[in-house]
Amino acid sequence: MEQTLKEIAEAVIKGKAPIVENLVRSCLDQGVNPIEIMDKGLIAGMSVVGGKFKADEMYLPEVMIAARAMNAGLAVLDPVLGSHDAASKGKIILATVNGDLHDVGKNMVSMMFRGAGYKVVDLGVNVPEEKIVQAIRDEKPDVLALSALLTMTLPNLKTALEALEKAGLRKSVIAMVGGAPVTQKFADDIGADGYALDAASAVERAAELRAGRRSS
C-alpha cells in the first residue's frame, strides 16, 4: 500500500487528476485510513509541488494543474474524513481586502494551504472588514491571510486589522498579509504578525508563526 500512496503523490505532482481519483478510491476500498491517504499521498505530492514552485522549477500553470489533481483526491476523501476524526493541520481564513478584485494570488495561497492539510475558508475578493470580523468570530481560525494587489487598497489591510482590534479579536488569530505591493516593512508598520512573498512561503511562515505562538 505504501507504493500506492507514492503513486498518488506522483500523480498529484504530474497533475493527473483521473489517476489520483482512481487511486484514492482504490485505497479507500482496501480499507486504508483516509488520513493516511491525505498525508502520505495528496499532501506529500503537493509539498513537492510547493518546493518546486518556490525554487522556480514549476510555474503557475503547472501548480494549478497539480492542485486540480489534489482536489480530485480530496473530493473523494472529504465525505469520509469526518468519520475518522481527521484533524486538519489548522484552519485559515483567506480574503482579498475591500476594494480589490484580484484573486490569482489568493487562490494560489488557498491551493498551497489545502495541499499542506489546512482547512481553508475563502471569503473571496472585495471583502469588507465587517465580514472578516464576523468570519473570525464564527470560524475561530488559527490564521488569517489578507491580500492586496493594488497600491490604493493597501490601507485596507490596516483597516481590517484595526477592525479586529476594535472587536477584541486581534489577539485570537495570527494575521498575515501579502500581495505584490506589500513588503515586510509595510506588514510591520500595520501590526501584522507575518508577511510572505509568495504562496509557498506563506505556508512555511504560517507554520513558523504558529510554532512561535505555542512556545510563548
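**Entry 1: the opening pair of helices**

I count two residues as in contact when heavy atoms lie within 4.5 Å of each other. I also remind myself that I am looking at a predicted model.

With that in hand, I looked up where α1 touches α2. From α1, the residues Thr4, Leu5, Glu7, Ile8, Ala11 and Val12 take part, and they meet Ile19, Val20, Leu23, Val24 and Cys27 of α2. Sorted by class, this contact holds 9 nonpolar, 1 polar and 1 charged residues.

Next I asked myself: at what angle do α1 and α2 pack? I found about 160° between helix α1 (residues 2–14) and helix α2 (residues 17–29), and their axes are 9 Å apart. Angles over 145 degrees count as roughly antiparallel, and α1 and α2 are therefore roughly antiparallel to each other. I also noted the hand of the crossing, and α1 passes α2 in a left-handed one.

A handy reminder for reading such lists: an α-helix has 3.6 residues a turn, so residues three or four places apart point the same way.

**Entry 2: helix α9**

I moved on to α9, which covers residues 199–215. This helix has 17 residues and reaches 25 Å from its first C-alpha to its last, close to the expected 24 Å.

Which residues of α9 are buried? I wrote down Ala199, Ala200, Ser201, Ala202, Val203, Ala206, Leu209 and Arg210. I was pleased to find out what covers them: the list includes the helices α3 (34–54) and α5 (104–115), along with the strands β3 (143–147), β4 (174–178) and β5 (194–195).

**Entry 3: α5 against α9**

One of those covering elements, α5, got a closer look. The axes of α5 and α9 come within 8 Å and cross at roughly 50°. The two helices are therefore oblique to each other, and their crossing is right-handed. On the α5 side I listed Met108, Val109, Met112 and Phe113, and on the α9 side Ala199, Ala200, Ala202, Val203 and Ala206. By class, I get 9 nonpolar residues in this contact, with no polar and no charged ones.

**Entry 4: a stop at Glu165**

Last, I picked out Glu165, which lies in helix α7 (residues 154–166). Is Glu165 buried or exposed? Its relative accessible area is 52%. Exposed means over 50%, so Glu165 is exposed.

I also checked how far Glu165 is from Val133. They are 32 residues apart in sequence, and in space I find 9.5 Å from C-alpha to C-alpha.

How values were computed
Residues numbered from 1 in each chain as written. Predicted model: local features only at pLDDT ≥ 70, side-chain atom pairs only at ≥ 80, totals over all residues. Heavy atoms only, no water. Axes fitted to C-alpha atoms, helices over the stretch in contact; angles between N-to-C directions. Helix = DSSP H or I, 4+ residues; strand = E, 2+ residues; numbered from the N terminus. Parallel < 35°, antiparallel > 145°, perpendicular 65-115°, else oblique. Left-handed = near helix turned anticlockwise from the far one by under 90°. Nonpolar A, V, L, I, M, F, W, Y, C, P; charged D, E, K, R; others polar. Expected span 1.5 Å × (residues − 1). Buried < 20%, exposed > 50% of the residue type's maximum accessible area, 1.4 Å probe, protein only.
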